[in-house]
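I opened my notebook to record what I looked up in this structure. My notes follow the order in which I went through it.

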Amino acid sequence: MIKKYSVKKLLNQGKFLLNKKVLVEGWIRSFRYSIFISLNDGSTIQNLQIVLSTNKLDKIIMKKITIGSSIRVIGIVKKSIGKKQYIELQSLDITIYELVNPEILQKSILQPKRHSFEKLREQAHLRFQTNIFSCIMRIRHHIAFCIHKYFHEHGFFYLHSPIITTSNCEGTGKMFQITTMDLKENQLIDYAKDFFKCKTYLSVSGQLEAETASLGLGKVYTFGPVFRAENSNTSRHLSEFWMIEPEIAFYHLEENINLAEKFLKFVIRYIVENSMEDLIFLNQCLEKWKKKKKNYLLDKLELILKFPFNKISYTETIRILDQEEKKKNIKFSHPIIWGMDLKSEHEQYLVDQYFKKIPVIIFDYPCSIKAFYMRMNNDGKTVRAMDVLFPEIGEIIGGSQREERYDMLLQRMKDTNIDFNKLWWYLDTRRFGSVPHSGFGLGFDRLVQFITGMNNIRDVIPFPRTPNNAEF
């Protein structure tokens, strides 16, 4: 029986397979001089060169072949005469699965020329077949894989938190409502008659559920989709996105900060070591299309690995920004005042300019701008919060030491108008052996965006869900 190989495996093991008969399948990326086919099956950015023979069958096939067509090839592995590849496949037999009409191809993003990212999004069902998007998807896979690998190797348990919820973890922001009822305008709704007998939503976070699990399992993490109904059309926001949320019992803020840094460096190091050919291709695209400097992407990732993250308090951050504004005559759109919520312009200036593109971890934020579940500091004004800021994209992680004291948590819920009747179960965990515990949330898609160098987050997720767009 003839052994089937992926294009990646065949190219990697080719020198051990010389003069062997093999089977490969894929899509035609190019067809040159009526004899050379470039074949790709999605396993790698590299193409396999197929050399057609001059037999009658191949001559018939030559007349039919079009770019994008899917084929099955049986051939002999030979050392290539050309310099671009070590091996090629001398065809013995070709089966065509499906031909693509050239006229249809010319109207699609598979036409071999450069298309804008906006155009690729319009045909999202086809963009997996493009070089750039297949690169991004392979890197996305490896990032997801190494996240699970990191947590597994460090004693964490993977938790499936619910997607349907009755509460808003943050206490702010719009949520997508779920109902089986016919909601008519100006009609009083009796949610006791709804499917869950109460008002329900798509979850914005699995954190609260993960906290309860950590208070029995020690170390847990969630990795799943979350949903926010904010009408935001920026290049950094999605309505449906993926979050990683570790929660750890017996953990203080300092340990949480160290975990976040080690975790991010592990992921980036893994991608540099395991996705180099895709990173090199993306780097070449960014150099050509975005006029980025040579090795921009690889240098950016290496910089993350090279230096320790900067760690400063919120109060120190405000002092630095205020000082920079006065000293360098910078005018921020939002004035620098202690107690303000830092805006993108402040975060990006801090990381990109002041700390020269080395990530920053800011901690001890004012309690007035942070969520109810964050542990209050002894000063009564700040909470044990932390945000990790990355160059170019700003906040990539938000976390805190959680408030483990029952009375303090109850008071914070009252102060922030959180309905503790809905979150009675969360409050209740503080009465059963409560301990110091911490956690954070990492926006997975934002991490993919940073690693791949894409300007728009819609270009790093298979089917982006944004305001006015739920196609595909």
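These entries cover a sheet, a strand, a helix and a surface patch.

**Entry 1: the model.** I noted at the start that this is a predicted model.

**Entry 2: the eight-stranded sheet.** In what order do the eight strands of the open sheet come? I read the order as β7-β11-β12-β17-β16-β15-β14-β13, with mixed pairing. I then checked the edges. β7 (157-158) and β13 (310-313) stand there, and each has a single partner strand, so one side of each is left without a neighbour in the sheet. Helix α10 (residues 314-327) packs on this sheet. I found that α10 touches β13 and β14 (360-366). The direction of α10 makes about 95 degrees with that of β13.

Entry 3: I picked out strand β11 (residues 219-227) and strand β12 (residues 240-249). They run antiparallel and are joined by nine bridges. I looked for the residue opposite Gly224 and found Met243 in β12. I reminded myself that strands of a sheet pair through backbone hydrogen bonds, either parallel or antiparallel.

**Entry 4: strand β4.** Next I turned to β4 (residues 48-51). Are its faces covered or open? Both are covered. Leu48 and Ile50 are buried on one side, and Gln49 and Val51 are buried on the other.

Strand β3 (residues 36-40) runs antiparallel to β4, with four bridges between them. Ser38 has Gln49 in β4 as its bridge partner. Strand β6 (residues 87-98) pairs with β4 in the parallel sense, over two bridges. Here Ile50 stands opposite Leu89 in β6.

**Entry 5: helix α14.** How many of the nine residues of α14 (residues 444-452) are buried? I counted nine of the nine, so the helix is largely enclosed by the rest of the structure. Among the buried residues are Phe444, Leu447, Val448 and Ile451, but also Asp445 and Arg446. Gly453 follows α14, and its phi is positive, near 80 degrees.

**Entry 6: a surface patch.** Which residues make the nonpolar patch of about 380 Å²? They are Ile163, Ile164, Phe195 and Phe196.

Terms used
Residues numbered from 1 in each chain as written. Predicted model: local features only at pLDDT ≥ 70, side-chain atom pairs only at ≥ 80, totals over all residues. Heavy atoms only, no water. Patch = residues over 30% accessible without salt bridge, like charges linked within 9 Å, V, L, I, M, F, W, Y side chains within 5 Å. Areas by Shrake-Rupley, 256 points an atom, 1.4 Å probe, with all protein chains shown as cover. Salt bridge = Lys/Arg side-chain N within 4 Å of Asp/Glu carboxyl O. Buried < 20%, exposed > 50% of the residue type's maximum accessible area, 1.4 Å probe, protein only. Pairing = 2+ DSSP bridges. Contact = heavy atoms within 4.5 Å. Axes fitted to C-alpha atoms, helices over the stretch in contact; angles between N-to-C directions.
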